[in-house]
Amino acid sequence: MSTTARGPVTETHWTTVGSPLGELLLTADPGGTLTSLSVPGQRGGRTVQDCWRHDPALFREAQEQLAAYFAGELTRFRLPWRSEGTPFRQRVWDAIESLPYGATTTYGEIAARIGAPRAAVRAVGGAIGANPLLVLRPCHRIIGAGGSLTGYAGGLDRKVRLLTLEGALPPAGAAG
């Protein structure tokens, strides 16, 4: 670990994992604590840097749990992860992590859950959009008022796929 004017710099390890959403990019610290999961073309997603260390073995458990999730066999991830964010973002992210598999809630409900005023809905949306752990921290379960499928850094098509996998949306072509 080296140090900069901003503090210690932790070595970043990475790998990619195939998924129904495309190739996922996972990063972790040297101890294996996940720090991000990005999808191709993600708004604000990470890209591999020359100084990062490719280390697929470090991500074996994450790969197994993601495969089980996409197969419909896992409803809660049990992986160590952390992410840096303001205290407000951390409160929003904690609220997202408490959402059960297959459930959805609105941005307004998240604001209320963390004790923020209704006027903070845009700030809640910004915090959700800054989530560095897509899929693992289920920001895809947040929908607009009235049930609209708004906003997802990984793209609305992926949000639909995830919500359909979890049973929150009917499969395409199913009678409603």
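**Figure 1. Surface and overall fold of the predicted model.** The accessible surface of the protein comes to about 9200 Å², and 52% of that area belongs to carbon and sulfur atoms; areas come from the Shrake-Rupley method with a 1.4 Å probe, and for residues only the protein chains shown count as cover. The model is predicted: local features need pLDDT of at least 70, side-chain atom pairs count only at pLDDT 80 or more, and totals for chains, interfaces and linings use all residues. Residues are numbered from 1 along each chain as its sequence is written, and side-chain values use heavy atoms, with hydrogens and water left out. Five helices and eight strands are present, in the sequence order β-β-β-β-β-β-α-α-β-α-α-β-α. The radius of gyration is 17 Å, close to the 16 Å given by the globule rule for 176 residues, so the protein is as compact as a globular protein of that length. The radius is taken over C-alpha atoms, and the rule is 2.2 Å times the number of residues to the power 0.38. Helices (H or I, at least four residues) and strands (E, at least two) are DSSP runs, numbered from the N terminus. Along the principal axes, the C-alpha trace spans about 55 × 35 × 25 Å.

**Figure 2. Thr106 in strand β7.** Thr106 belongs to strand β7, residues 105–106. With 17% relative accessibility, Thr106 counts as buried (under 20% relative accessible area; exposed is over 50%, partly exposed in between; 1.4 Å probe, protein chains only). Leaving aside residues up to four places away in sequence, Thr106 touches Ile142, Ile143, Gly144 and Ala145, a contact being heavy atoms within 4.5 Å. In the protein, 54% of contacts between residues at least 6 apart in sequence join residues at least 24 apart.

**Figure 3. Val135 in the loop between α4 and β8.** The loop that holds Val135 runs between α4 (121–129) and β8 (142–143). Phi of Val135 is near 70 degrees, a positive value in a residue other than glycine. Val135 is buried, at a relative accessible area of 1%. Of the 176 residues in the protein, 43% are buried.

**Figure 4. The second largest pocket.** Its lining has 13 residues, and Arg76, Phe77, Glu97, Leu136 and Arg141 lie nearest the pocket centre. On a 1 Å grid over the protein atoms alone, a pocket is an open set of points where a 1.4 Å probe fits, with protein on both sides within 12 Å along at least five of seven lines; lining residues have an atom within 4 Å of a point. The lining comprises eight nonpolar, two polar and three charged residues.

Key:
Ala, Val, Leu, Ile, Met, Phe, Trp, Tyr, Cys and Pro count as nonpolar, Asp, Glu, Lys and Arg as charged, and the others, Gly among them, as polar.
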